[in-house]
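User: Could you walk me through this structure? I have not worked with it before.
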Amino acid sequence: MTRRVGVQLEIVANLFVMMFAGVALVGVVLLSHSAVTVRDEAVERLRMGSRHLESLLERGVNDLADLAAVAHTSTPRLAGGEFAVLDASGRQVLGPPFDAAGRQQIAELVELARARGEVLELGSLWRGELALVTPVRTHSGQEGFLVGRSRGEEYRARLAPLVASGVGLLVIATSVFAGFGAWLLRRRVVSPLAELARGTRRVAAGDLAARIATQGPAELEDLAASFNRMAEALEADRAALERAQDALARGRRLASVGQLAAGVAHEVGNPVAAILGYAEMCQRERGASARSRELAEHIADEAMRIRTLVREMLDLSRPDALSVERVPAAELLERVAERMRPQPLLAGIELASSLAPELPLVDVDRRRIEQIFVNLVENAAHALRGVTGPRIELAAERARDPARPARRASDRTDESHAAERAPDSVAFTVTDNGPGIDPEHLPYVFDPFFTTKEPGEGSGLGLWNAHRLAELLGGRLEVASQSGRTCFRLVLPAADTNAGHGKAPSADHR
């Protein structure tokens with residue numbers, strides 16, 4: 001398996017190489033300059049030694065042999081190099097002879113000095129070898145040549161600290177630059193990219209709520225912001241898909257209910273009618289006892305329940321037309337409260353209402369919306385059996401619908417216009433202080449035929465029908481429950497009275 005190289009290691013390695021090469025180049029230039037300076041100084045010292053020996057000829061040294069003796073006794077450190085004296089033919093007067101290579105080099109320099117005077121030969125810059133040949137003449141008329149040589153040991157000794165300092169500076173500067181570059185790179189680039197990679201893995205794993213901090217350079221901040229917008233869009237799309245799937249599932253259940261209702265109506269309708277007829281005949285039978293008439297009455301009641309259930313199923317399976325009208329939101333709850341307070345089911349239960357001021361109009365089917373509220377109040381009343389201080393509260397308030405955009409394309413953009421717009425929706429709530437709905441039952445309260453009531457008290461179609469009607473009216477029905485409190489929340493869109501017309505829109509759903 002090929003090991004991948006991280007961006008941080010790759011960039012730091014490249015920076016290290018570039019920094020090393022740059023510092024090394026600067027070091028070589030500086031070292032070369034230093035070497036030239038040291039060599040020039042060595043040349044000057046060699047010339048000063050030669051001038052000193054020449055001055056001896058003017059101060060009493062009249063023989064080349066005497067001059068050679070003085071040159072032989074002068075130390076290279078004091079004289080600036082090793083000096084020897086040659087006669088006019090180029091032969092060494094005193095001292096150890098040169099080696100073969102040295103004799104060849106000196107012979108060539110002597111010839112040049114014979115023709116041009118003083119001759120200086122510079123050796124390698126890094127070895128520091130020098131050779132200086134100067135023609136001389138004694139007071140007695142002897143001609144010869146003064147030869148000075150610097151072998152470079154002192155030159156290299158003086159250059160060695162500079163080389164060591166340059167190498168140390170190269171290592172330290174490169175290490176500091178690479179270390180700082182690695183820290184800065186990790187903080188400004190690698191960490192934001194790693195955070196982006198973690199967020200991408202979370203999104204790939206299905207966590208569309210993943211968000212990352214916008215940090216780093218402007219380009220990476222833009223990338224992080226784009227990632228967050230992408231995650232938000234994916235989350236919104238998934239929520240929309242889930243809602244579509246829920247709607248599709250409810251549609252399939254509705255179709256199933258319709259098929260079931262049609263089958264039940266066909267198969268059960270005639271037998272139920274016959275049972276009702278026989279029960280009525282038994283009740284009218286003159287010779288029948290009171291017990292028989294009582295049993296026949298019970299049979300007729302149960303048969304009527306069956307017929308009612310079949311008709312209810314048939315009604316639910318047909319998307320009846322909506323008769324939409326524009327009504328005040330507060331009026332809906334007031335009518336429901338007036339209608340339900342006298343009901344025996346609410347005996348001993350406090351029914352309170354709380355209405356926010358200046359509620360907007362809503363476009364609804366009055367009969368259907370009241371049917372939803374009645375169903376919710378009845379369910380709350382059933383849940384309050386045996387509760388001390390039972391209470392049901394009806395409330396309505398303005399609400400901002402999060403499912404809608406905050407601003408329409410046709411809206412003005414000035415801030416003052418926000419106060420002129422009608423609220424997006426109105427939230428109606430029916431809250432009771434009952435024991436609450438079990439958490440495991442909460443996801444299924446809007447499913448058809450799901451009920452927690454005792455047998456004979458409900459068919460499990462009321463909340464499902466209320467949920468279906470809320471969607472037909474362009475709203476939604478939600479539930480939140482905990483121990484001691486259950487709240488059903490119906491959100492309906494507010495009428496758009498700023499659209500230039502006052503009539504409710506046509507909403508004929510068939």
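User: Which residues in α9 and α11 meet?
Analyst: This is a predicted model, in which local features need pLDDT of at least 70, side-chain atom pairs count only at pLDDT 80 or more, and totals for chains, interfaces and linings use all residues. Residues are numbered from 1 along each chain as its sequence is written, and side-chain values use heavy atoms, with hydrogens and water left out. R368, Q371, I372, N375, L376 and N379 in α9 meet G462, L463, N465, A466, L469 and A470 in α11. Contact here means heavy atoms within 4.5 Å. Helices (H or I, at least four residues) and strands (E, at least two) are DSSP runs, numbered from the N terminus.

User: How do the residues of that contact divide?
Analyst: The contact of α9 with α11 has 6 nonpolar, 5 polar and 1 charged. Ala, Val, Leu, Ile, Met, Phe, Trp, Tyr, Cys and Pro count as nonpolar, Asp, Glu, Lys and Arg as charged, and the others, Gly among them, as polar.

User: At what angle do α9 and α11 pack?
Analyst: The angle is about 145°, and the axes of α9 and α11 are 9 Å apart. Axes are lines fitted to C-alpha atoms, for helices over the stretch in contact, and angles run from 0 to 180 degrees between N-to-C directions.

User: Is α11 mostly covered or mostly open?
Analyst: Helix α11 (residues 462–472) is mostly covered, with 8 of its 11 residues buried. Buried means under 20% relative accessible area, exposed over 50%, and partly exposed in between (1.4 Å probe, protein chains only). Among the buried residues of α11 are W464, H467 and R468.

User: What follows α11?
Analyst: G474 follows α11, and its phi is positive, near 85°.

User: Where do the axes of α8 and α9 stand to each other?
Analyst: The axes of α8 (residues 329–340) and α9 (residues 366–383) come within 10 Å and cross at roughly 55°.

User: New topic: how many aromatic pairs are there?
Analyst: A search of the whole structure finds 2. Rings of Phe, Tyr and Trp (its six-membered ring) pair if their centres lie within 6.5 Å; planes under 30 degrees apart count as stacked, over 60 as edge-to-face and the rest as tilted. F446 and F488 form an edge-to-face pair, at 6.3 Å centre to centre and 75° between the planes.

User: Are F446 and F488 buried or exposed?
Analyst: Both F446 and F488 are buried.
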